[in-house]
Amino acid sequence: MKYIGLLAIIPFIGMFLGPILHNSSTPFILGMPFILGWIVVWMLITSVTMAIIYWLDPVRLSANPDGDGR
Amino acid sequence: MSIALILIALSAVGALVLGMSARHGHKMKLEEWTVGGRGFGAILVFLLLAGEIYTTFTFLGASGYAYGLGAPAYYILAYGTLAYVISYFMLPPIWAYARRLNLVTQPDFFAAKFASPTLGVLVALVGVVALIPYLVLQFTGLGIIVEVASYGAIPKSIAVLLGAAVVSLYVIVSGVRGSAWTAVVKDILIILVAVFLGLYLPLHYQGGITAMFTALDHAKPGFLAFAATGKSLSWFISTVLLTALGFFMWPQSFAACYTARHADVFRKNAIVLPLYQLVLLFIFFVGFSAALVVPGLHGSASNMALLKVSVAAFPPVIVGIIGATGVLTALVPGSMIMMTAATLFSRNLVAAIRPGQSDDTTALIAKTLVPVVGVVAAYFAISGSSTIVALLLMGYSFVTQLFPSLICSLLRRNPATKEGAIAGIVVGVGTVVYFTLTSATIAKLLPGAPEIVRDLNVGTAALVLNILALVIVSGVTASRRAAVAAE
């Protein structure tokens, strides 16, 4: 899982994709205007993405997760 | 004495007592005072790093932005979230390096990584120039909150002076521990207040959140999506990216990461902080609701939206609680800023002139400077000087200019030389100053460019020039050094 960190690109793409493809207040998402609801959904997805990275992170799971002794 | 006034006074006294008692059992040597002896566990580090989210700027500014501009306010939700993604990878190596070399400030880090005391002085100057206006902003917000929530009983100037005195006292006594412990109370209060206001106001005035948005979309068509020009989609994306890069370049946030006991804290924080950021959504709801209930505030007056709608909707006891919370949102970040600014002065500017200054002397000078910084900021907040507004706009763009050389320094083989780093920062900061003084926008600079380029945040240009200078100067100096080494 050496390249698991690359998943971190997903929030950057996702956050902007909605407003780029559909810059409008409707349809509502989660009872909120489209773009606001989209961003809120992506905040949740970002958290999940970071949890997955954390779970599989080779640096964190290595013998030296604090990065000392370089 | 009204109930609102009592509650506000209680929060200030509470902050003072809690902040001062945070010292308990710790000798305030330099490392203890500035970075808590690098012994903070997950919760305190979390609150210090999250402290940046809930300042008076967000309390008044985020609601005001939503109230006055609509969709552009969304950027505040997006940039914090992406900044945390970056922090997952960036903070652990910064923390580890700082611990190994016993660094206590952000300029320390740059000076050590590039083996250049000059770069340390430059970074310290950039930091101080960015921090002072930020502190003034907190004090200005404090003055407004107290004046409104006390129904005019306490004028702005008195509130600002009392606030500065309270913060100075507990910062001198407890250092970063004072900030951390008062942050615990601040964050609990702000979550309760934000969620309550954000749910109650739309329900009371518009019949619910969706009903509020439907009404707003009807009353102001286009308000809830990005405009075709000006604060357009291109503005949104460039602003989110720039501010996300700048987020941890603030010297107080950068140094706050030194307080951690383990690097794992930052990785876990990156999972939780995007969710924590959601509380801001409720502050937006307040602003959007106020846009329908108390319309007519324009420009900087839109920052009054939250307070104005609260005074209209609630009895003094609730207004008092809101005011008390507002006071803490100014005092806690204010304390971090004051301590950091004083430490930058003492450790990275004064000590640069007086080599061999001991840590004890550095701590003493820093503590002496805390009230000085407080008085200066209080003066600007009370006088409401217009120059300070220009400086404020510059602050974020200033610290963002540190990002390129920081990232270079974290790479396995640092591609930037110290001359390159200095050149990049000087060019970037110089560009920001020039743009701010001439109130330039990219649309004005490149009138013929397509709309997508014209609306880019003007900070983008500063960052691009910064990187160009860094690359060119690093290339030249590195090859000259290689040539010298080959001879």
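Asp57(A) and Arg267(B) form a salt bridge in this predicted model, and their closest N and O atoms lie 3.9 Å apart. With a cut-off of 4 Å for such a pair, it counts. Across the interface of chain B and chain A, the rule finds 1 salt bridge.

Which parts of chain B supply the side that touches chain A? At least two residues each come from helix 5 (75-100), helix 10 (209-219), helix 11 (233-246), helix 13 (264-276) and helix 14 (279-293) of chain B. Helix 5 of chain B gives the most, with 12 residues. Sorted by class, this side of chain B has 30 nonpolar, 5 polar and 7 charged residues.

Now for the interface as a whole. The size of an interface is often given as the accessible area lost when the parts come together. Between chain B and chain A, about 3400 Å² is buried, and carbon and sulfur atoms give 73% of that area. In terms of residues, 42 of chain B are in contact with 37 of chain A.

Two packed helices are described by the angle between their axes and the distance between the axes. Here are two such pairs.

| Helix pair | Angle | Axis distance |
|---|---|---|
| Helix 5 and helix 13 of chain B | about 170° | 8 Å apart |
| Helix 1 (residues 3-21) and helix 8 (residues 156-174) of chain B | roughly 10° | within 8 Å |

Because angles over 145 degrees count as roughly antiparallel, helix 5 and helix 13 of chain B are described as roughly antiparallel to each other. On the helix 5 side, the residues that meet helix 13 are Thr81(B), Tyr84(B), Ser87(B), Tyr88(B), Leu91(B), Pro92(B) and Trp95(B); helix 13 brings Phe266(B), Arg267(B), Ala270(B), Leu273(B) and Pro274(B). By class, this contact has 9 nonpolar, 2 polar and 1 charged residues.

Helix 1 and helix 8 of chain B, by their angle, are roughly parallel to each other. Helix 1 contributes Ala12(B), Ala15(B), Leu16(B), Gly19(B) and Met20(B), while helix 8 contributes Val166(B), Leu169(B), Tyr170(B), Val173(B) and Ser174(B). The residues of this contact divide into 8 nonpolar, 2 polar and no charged.

Thr26(A) and Pro27(A) are joined by a cis peptide bond, with omega about -5°. Pro27(A) sits in the loop between helix 1 (9-21) and helix 2 (34-56) of chain A. In chain B, Arg38(B) has a positive phi of about 50°, although it is not a glycine. Arg38(B) lies in the loop between helix 2 (30-35) and helix 3 (42-50) of chain B.

Technical notes
Residues numbered from 1 in each chain as written. Chains lettered and ligands numbered in written order. Predicted model: local features only at pLDDT ≥ 70, side-chain atom pairs only at ≥ 80, totals over all residues. Heavy atoms only, no water. Contact = heavy atoms within 4.5 Å. Buried area = accessible area lost by both parts, 1.4 Å probe. Salt bridge = Lys/Arg side-chain N within 4 Å of Asp/Glu carboxyl O. Helix = DSSP H or I, 4+ residues; strand = E, 2+ residues; numbered from the N terminus. Nonpolar A, V, L, I, M, F, W, Y, C, P; charged D, E, K, R; others polar. Axes fitted to C-alpha atoms, helices over the stretch in contact; angles between N-to-C directions. Parallel < 35°, antiparallel > 145°, perpendicular 65-115°, else oblique.
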